[in-house]
Structures are given as structure tokens and as C-alpha cells.
Amino acid sequence: MQRIKVLAICAALVSVLPIPAAVAAPSIDAAALAADCNADGLLIVVDDLRVSGGAGTLSGLCAVTIAAGARLTLRDVTIDGPGGFVIGDALADSEVRVFRSVIDLAGFVQLAAGCCSGDPSRDESGGRAVVVDSFVRGRTVEVSASVADASGRVRVKRSTLEARGQIPGSVLVGASLSGGPGGTVSVADSKLISGNTVSISSGADGATAARRNEFVSPNVVITTGPGGSCSSAFNVPAVPCT
């Protein structure tokens with residue numbers, strides 16, 4: 001596989017300016033991302049990677065790793081197909097950001113920052129996951145941050161998350177579920193669909209907020225851990241915090 005590594009680029013000095021201007025890291029499109037994943041089932045993000053525009057089809061599972069402090073951004077892309085997209089190893093202060101995009105896959109979709117090796121020697125704190133103005137569908141759908149550690153942050157806004165499949169899947173939006181203290185989760189103006197369970201949750205001393213959402217699921221859970229705060233308002237149906 002051709003490893004995707006996006007390096008920071010310094011701008012050349014402009015003759016009239018004494019200070020060099022920063023230049024944004026280059027980006028790839030969705031077709032290039034899919035080609036990289038399909039080559040051997042892996043996507044390795046070492047530095048910031050921006051995927052902007054275009055469409056790509058995943059033929060199988062794409063297992064993603066993100067280095068500490070690195071960011072994966074999907075903007076204005078369409079990713080579909082029979083495959084899945086699973087971030088299974090993302091270290092401290094990593095970020096996953098999805099804007100104005102469609103991810104429509106038959107397999108599992110896991111957009112997880114600061115996740116998920118379970119090895120206590122690996123720092124998974126400070127993860128951040130953001131989904132805005134997007135449609136995400138898979139066999140199961142997870143948007144999470146620092147599940148096994150503290151200070152994860154998740155935001156879903158004006159988006160649809162849908163779990164599908166012959167065996168009903170689940171939709172999970174969560175942060176710092178088994179770590180703490182910390183964890184902030186906000187879901188607003190969105191639609192969450194599942195034949196099984198929709199869960200919006202933070203961990204001990206965390207903060208969970210769900211506002212103006214539509215839930216299509218037989219079981220919806222909005223919760224936080226001991227010492228945390230939880231707010232649920234203007235949702236349809238009206239689901240209280242538990």
C-alpha cells in the first residue's frame with residue numbers, strides 16, 4: 001500500500017514580507033482515499049490528512065490508524081460501497097472531522113478519535129470527533145472520542161446517522177465512556193436511525209447534550225456517568241436523560 005502522509009509545508013518568503021506565510025497541507029480526493037484503502041485494507045494517517053471532494057467506493061473493510069496529534073478531515077466527499085470504514089487505532093489528541101459529506105456503506109462505520117487499542121500504555125486521551133451537515137450510514141455507526149480515556153469531545157450537528165443491515169445495528173455517539181473524568185458529547189438538529197439502539201452518552205463527570213433531534217429507534221438512551229451532567233430537550237420523541 002502507498003502510505004498517505006501529509007506533511008506540513010512552509011511557504012517561501014515573500015520579498016515584501018519579513019515573515020513567511022503558512023501554506024495549507026495538500027489534500028487528496030475521495031477516489032484516492034478509496035484506492036489507498038482498497039489496495040490492502042489499510043489507511044495510515046501520520047500527519048494531517050485532508051480528503052476534499054470527489055467520490056470513492058470501498059470494496060472491503062478499510063482499517064484506519066491515526067497518529068498522536070494528527071487530524072483526518074473529510075469535506076464534501078462521497079464514500080460508498082459494500083465495505084466498511086473503521087478507525088481502530090487513534091492516539092492522543094487525534095481528530096476526526098466530517099463536513100458536508102456522505103458515507104454510505106454496507107459494513108461497519110466507526111469514526112473514533114483517541115481509540116481503541118485498549119492497551120493502557122497507549123495514550124488515547126484528548127480525542128475529538130466532529131460530524132456536521134453530513135449523512136453517515138453503515139451496518140453500525142459510531143462517532144466517538146477517547147472511549148477508554150478522559151477528555152474526549154464529540155459533536156454531531158445537522159446530520160443523519162443510520163445503522164442498517166439484516167441484523168439491526170446500533171448508533172453510538174459517545175466520549176470517555178470508560179475513562180474519566182471528562183468527556184463531552186453534543187448532538188443537535190440531527191436524525192438518528194436504528195433498528196436496535198441509539199445511544200448518546202458521556203462518562204464519569206462528563207457532559208451530554210441532545211437537542212432538537214429526531215430519533216427513529218425502538219430504544220434510545222441519553223445518559224452520562226456518575227457526577228456528570230445531561231440535558232435532553234426538544235427531541236422527537238421526547239426522550240429523557242437516564
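**Entry 1: Thr208**

I began with Thr208, which I found in strand S23, residues 207–211 (strands are DSSP E runs of at least two residues and helices H or I runs of at least four, numbered from the N terminus). This is a predicted model, so I kept to its rules: local features need pLDDT of at least 70, side-chain atom pairs count only at pLDDT 80 or more, and totals for chains, interfaces and linings use all residues. Residues are numbered from 1 along each chain as its sequence is written, and side-chain values use heavy atoms, with hydrogens and water left out.

Is Thr208 buried or exposed? Thr208 counts as buried because its relative accessibility is 3% (buried is under 20% relative accessible area, exposed over 50%, partly exposed in between, with a 1.4 Å probe and protein chains only). I also noted a polar atom of its side chain 2.8 Å from the backbone oxygen of Thr223. Leaving aside neighbours within four places in sequence, Thr208 has contacts (heavy atoms within 4.5 Å) that include Val185, Ile200 and Cys230.

**Entry 2: helix H1**

Next I listed the buried residues of H1 (residues 30–40): Ala30, Leu33, Ala34, Asp36 and Cys37. They sit on the same side of H1, because they cover an arc of only 160 degrees around the axis (taken from the directions from the helix axis to the C-beta atoms). After H1 comes Gly41, with a positive phi near 80 degrees.

**Entry 3: confidence**

Last, I checked pLDDT, the predictor's confidence in each residue from 0 to 100. The protein averages 87, and 86% of the residues score at least 70. Over residues 1–24, pLDDT stays under 50.

How values were computed:
Polar contact = N/O pair within 3.5 Å; in protein donor to acceptor, adjacent residues only side chain to side chain.
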